[in-house]
Number of protein chains: 2
Amino acid sequence: MERVDKILSGGIVLTMNAAMDVFLNGAVAIKGEHIVAVGAAESIADRYTADELVLCEGQVIMPGLVNAHTHAPMTLLRGLADDLRLDVWLIGYMMPTEQSFVNPHFCRLGTKIACAEMIRSGVTMFADMYYFEADVAAAAAEVGMRAVCGQTVLKFPAPDASSYEESLQYTRQFIEQWKGHPLIVPAVAPHAPYTCTDEILSACAALAREYDVPLLIHVSETRQEVEDSRKEFQMPVVPRIKKLGVLDAKTLAAHCVHVDSGEIRTFFNHRTGVAHCPTSNLKLASGIAPIREMLERGLNVGIGTDGPASNNDLDMFEEVRLAAILAKGATLDPTAVPAKQALLMATRMGAQAMYMEAITGSLEVGKRADIAVINLNTLHNSPKFSRDEDAVYSQLVYAAKSTDVRHVMVNGVWLMYDQRLLTVDEAALLAEANALAREIDRFLIAREGNLLNKLIAIGGVERAESFEIQVKSHLPERVDAETIVAPLLKDERVRVVRKSYYRQYDTYFTFQDETQGRVRYREDDALNAEGEVINVRTRLTYTSPVKEREFDRAVLLSRSRFIAPATRPLRFYREYFRPNAEYEVHKTRHRWHILYKGVLFYLNVDEILVPKVSGTFIEIKSQTWSMRDAEYKAPLVSELLTLLGVTEEMRVHKEYVEFAAT
Amino acid sequence: MERVDKILSGGIVLTMNAAMDVFLNGAVAIKGEHIVAVGAAESIADRYTADELVLCEGQVIMPGLVNAHTHAPMTLLRGLADDLRLDVWLIGYMMPTEQSFVNPHFCRLGTKIACAEMIRSGVTMFADMYYFEADVAAAAAEVGMRAVCGQTVLKFPAPDASSYEESLQYTRQFIEQWKGHPLIVPAVAPHAPYTCTDEILSACAALAREYDVPLLIHVSETRQEVEDSRKEFQMPVVPRIKKLGVLDAKTLAAHCVHVDSGEIRTFFNHRTGVAHCPTSNLKLASGIAPIREMLERGLNVGIGTDGPASNNDLDMFEEVRLAAILAKGATLDPTAVPAKQALLMATRMGAQAMYMEAITGSLEVGKRADIAVINLNTLHNSPKFSRDEDAVYSQLVYAAKSTDVRHVMVNGVWLMYDQRLLTVDEAALLAEANALAREIDRFLIAREGNLLNKLIAIGGVERAESFEIQVKSHLPERVDAETIVAPLLKDERVRVVRKSYYRQYDTYFTFQDETQGRVRYREDDALNAEGEVINVRTRLTYTSPVKEREFDRAVLLSRSRFIAPATRPLRFYREYFRPNAEYEVHKTRHRWHILYKGVLFYLNVDEILVPKVSGTFIEIKSQTWSMRDAEYKAPLVSELLTLLGVTEEMRVHKEYVEFAAT
């Protein structure tokens, strides 16, 4: 009789080994970190005695689940912003909050919460991608979970690095520090092909190969990403990263929603692992990954929850179930991805995708003891049929819940016993998380209460024109622009600096609280003399409420105005700012930059097309910076108006948006 | 101060009323069966005192969830057969098992288990469709749940009726017996348009209108159903049932996966409710219902789990979550069906779809007290953000689990308190369910062990030919059929009764255990003289292992043979019988029915196309029923062979399938 540390006995043992052996009354013997025997309960009892014997009648003893893709610290951002489009969610909420709050402590706290939640759902190993990954690793190791920790590298400044060179240096140190740890495998995580330059991708691949560590990356998550890659690099995402050597590393590609058969073959040839994230892909409307084809082609496809800010939990039971049923719905074949295969993806195959199959993912002699015990003696798991030998898989995948997980062990150490977590203090974590949530709330509420702050949060803003002197007149008849300005341009004191011709499509966002000001999204189509578009520019302008003061025949406007290039579609800004009302103004604009008595004026001759306003508008504007300057310029405006033949009755005080808004 | 029975106070009250009022520190006062006040905790405390005060800090107080479509007693068949195609699952497993096991006791037991599970997941009302619905109603009422109970009517014999007239009569009695019950609303449930004749559908609609009770029906669940309806009735499903008056009742249509915009408009015009069943629709690969469009058109769309044999649980939290994320994935729009709307579908809107909104579905004064209290103080529900006022909906839908439900009340009565079920004995139900499962196991294992029983289980079988005398010969050269039989046909003792010409496509299923016999699926294409197909017939033949005995130059075969028209595709039989191996034999067959000396013989001249076997085969066969008859016929076969010029060396003992199998 050999003495071992622990024997789990009397349950249904699902080994998930290559033969998919099942022992209906089985047992597992554990010594130190390792599994030393798996088999029928009787035969184990004949050969081993244990310090600790755990009876598992009516329960399933199986390898712990493998969460092949997550961002553990984001538990702290769970439920912060939902039901939003990816860009609004990411650029509008996640990134600004991360820039302000993510630090080493945040990552440790968030990871511990994630680990606690994952242990509760039977997970023993996860693949992570985040910032300050050394702290993620430290927290996971402290809790006792197994993890492949990928340090993020990307082309933008990140919470943990101001440049990619800095991230890469940090990653190298991180790998050297953690390589060889019994629980943690450090990894390189270039965030995604669209957030990394060719140089970054190549450098990350080289680093992964240099240290023989996994490389984690998001790949072809959205259709847009693939289209953009075709446009920018003349090829889809997978060929590009292949060319850059990314697939020559031990690569785990997350999502892979929009990959074709050729790309799947490429993955197979490179033994690239895939992390399938069905909940996240549905919730963010990315699409449905072709996992049946991947599996048929022989890829190692694991299942991941993705981060808890886009899921919004780390429940692998929900994830496995969804992977199984979604594949059926997507292929219109109810025999696709049966329960047994789905559970395999969430165990041994997930470990293969993570290059960890040598030590975990199945109950086999010599592997580490990473084990979950599931209680099937509950109402929602009843009754139990034995006709179909695969019924136990179907029960686990289609009926069981994460809350049926009773015990969890990693590396031979209990992390949860009888649903009690042994290595984390849940109450303390909860209290700390909620305190942090209140801080984040305050930060975002302050920002949401101020349009300008919201604009600044998404970046690229520059302040412009704080004062301007202007006059606007309306000629009831439609007049040709060149004709109307001809007398003025003929004047010898006037010099034309520039002439341009536009069609402008303006969308104004207005808000309940008018003191908030408003936001204008403008598409400026520059036209040639034939009216053909020669250039398009989109800009976003925030305008604070206007204070105006009469000044001779002109008006002095004092207002703050912030302009940023509008790099995202109008839809983004609409969903981000959530205006109370929205108005359209379309017009043609002939614009002359003129010098009159040495002062720069803008002379606009506008025709409003939407809403339909007949006649022609003339605007004269000049930037100003002091009352004295304004006092000097006001009479010059008067003179210009006289030259144009514009009279006082033609004066208009309304702004263009007001024609649309009334 | 008014005295009430119960006050739930201090939680976040989600009223789900028309204004979607939320009280962050709210309370609900209950007197008898009714809600008498909903509002801020303080204001309720000022106005009412209660016999029972339940403090709900950190918890959500909301209307109980509404499961808009299920088949409650099928809890007893949960996990019996999974990952199968709908027809194999239904015709191969569900229907035969139901025919043998479903009785009033089965329905009561299964319903109680379903109720227990639903209460645990916060459900207070469900819509049911099954057999012996009076027993479903009795069990639900005993447990204390609210239910709309639809008695199934269909054109086939059912466990509770041998004809539709009988079901209809049963339904009428059921309605009269239960109408006016405080918890149960009886209803008519014509199973589906494809399982009901026009007459049945009209009669059910008339009955529903006569008693003003709901009508529950499955509608357009699969694409096949719609295509079949177009073929058979020259219109899709919805116009057909509209024409038959089905939509003039208070109709709740389940599934509605394959409905177009026009049909959605038809539903709107008739105020037809829809029960959306996302898990079932994915798991059975039916497709994805266009619920966003339905919601935009103003339909009342509830959410249902469907029966636990196709889900495989009754967890409405999983269902609501899936409804929300699947709509986003299906429309490629992450803003589709936000959490708030999904939760509305699972509460008030579900009640509207079931015509029950006057009494339940929201927390409003005057409605019945059907309430669930959910604990959000758990790790997977943390942290909590307050910036977005809809965050609580998102937390409930995307992060919370059914196991977070703490208390459940129906009609003012606690059914679960502190996660303890008060009106059912779970342990006793479990024991009984497992005992029944063992019986079903025995039944199905016995059936699965016997091919003939498996064949009989799916119906339409007739026994045929128990003995036949036959001889088969092979001519190594290909010979024209007419030429070879010419000498025989010229003989004056021979009279041709019928001549036919076929191309036959045979698929043989063989099994590990050869004593099981085998199954042949034959497609018989009758050809005209030009070789054009004039008729197609498919048949299934079960053959027991052959016992043969030499008889002069012929062979006496004694075997059992059962023939049934093969009304389902080959694929069905393959998935149902799961053969060990499968062989194809394609041949052309010229067949003469001849009388020779007054005895009927079949004379086949066959050419085997697949597998490629050169030459021509001649078979002579005759049915026989006794040894004496065989003894009489054997020399006649010899004489016919002589007439054909066939010699002993040409004799073949192999059956055609053996050419393919070797």
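Helix H12 (316–331) of chain A and H12 of chain B each supply at least two residues of the lining of the largest cavity, where helices are DSSP runs of H or I with at least four residues, numbered from the N terminus. A cavity here is a set of points, on a 1 Å grid over the protein atoms alone, where a 1.4 Å probe fits but cannot get out, and lining residues have an atom within 4 Å of a point. This is a predicted model, in which local features need pLDDT of at least 70 and side-chain atom pairs count only at pLDDT 80 or more, while totals for chains, interfaces and linings use all residues. Residues are numbered from 1 along each chain as its sequence is written, chains are lettered from A in the order in which they are written, and side-chain values use heavy atoms, with hydrogens and water left out.

The largest cavity holds about 120 Å³ of space, and its lining includes Glu318(A), Arg321(A), Glu318(B) and Arg321(B).

The second largest cavity, at about 90 Å³, is lined by 13 residues, and among those closest to its centre are Asp315(A), Lys401(A) and Asp315(B).

Turning to H12 of chain B, 14 of its 16 residues are buried, so this helix is largely enclosed by the rest of the structure; buried means under 20% relative accessible area, with a 1.4 Å probe and protein chains only.

Note on methods. Buried means under 20% relative accessible area, exposed over 50%, partly exposed in between (1.4 Å probe, protein chains only). On a 1 Å grid over the protein atoms alone, a cavity is a set of points where a 1.4 Å probe fits but cannot get out, and a pocket is an open set with protein on both sides within 12 Å along at least five of seven lines; lining residues have an atom within 4 Å of a point. Grid points are joined across faces, edges and corners, and a volume is the space filled by probe spheres set on the points.
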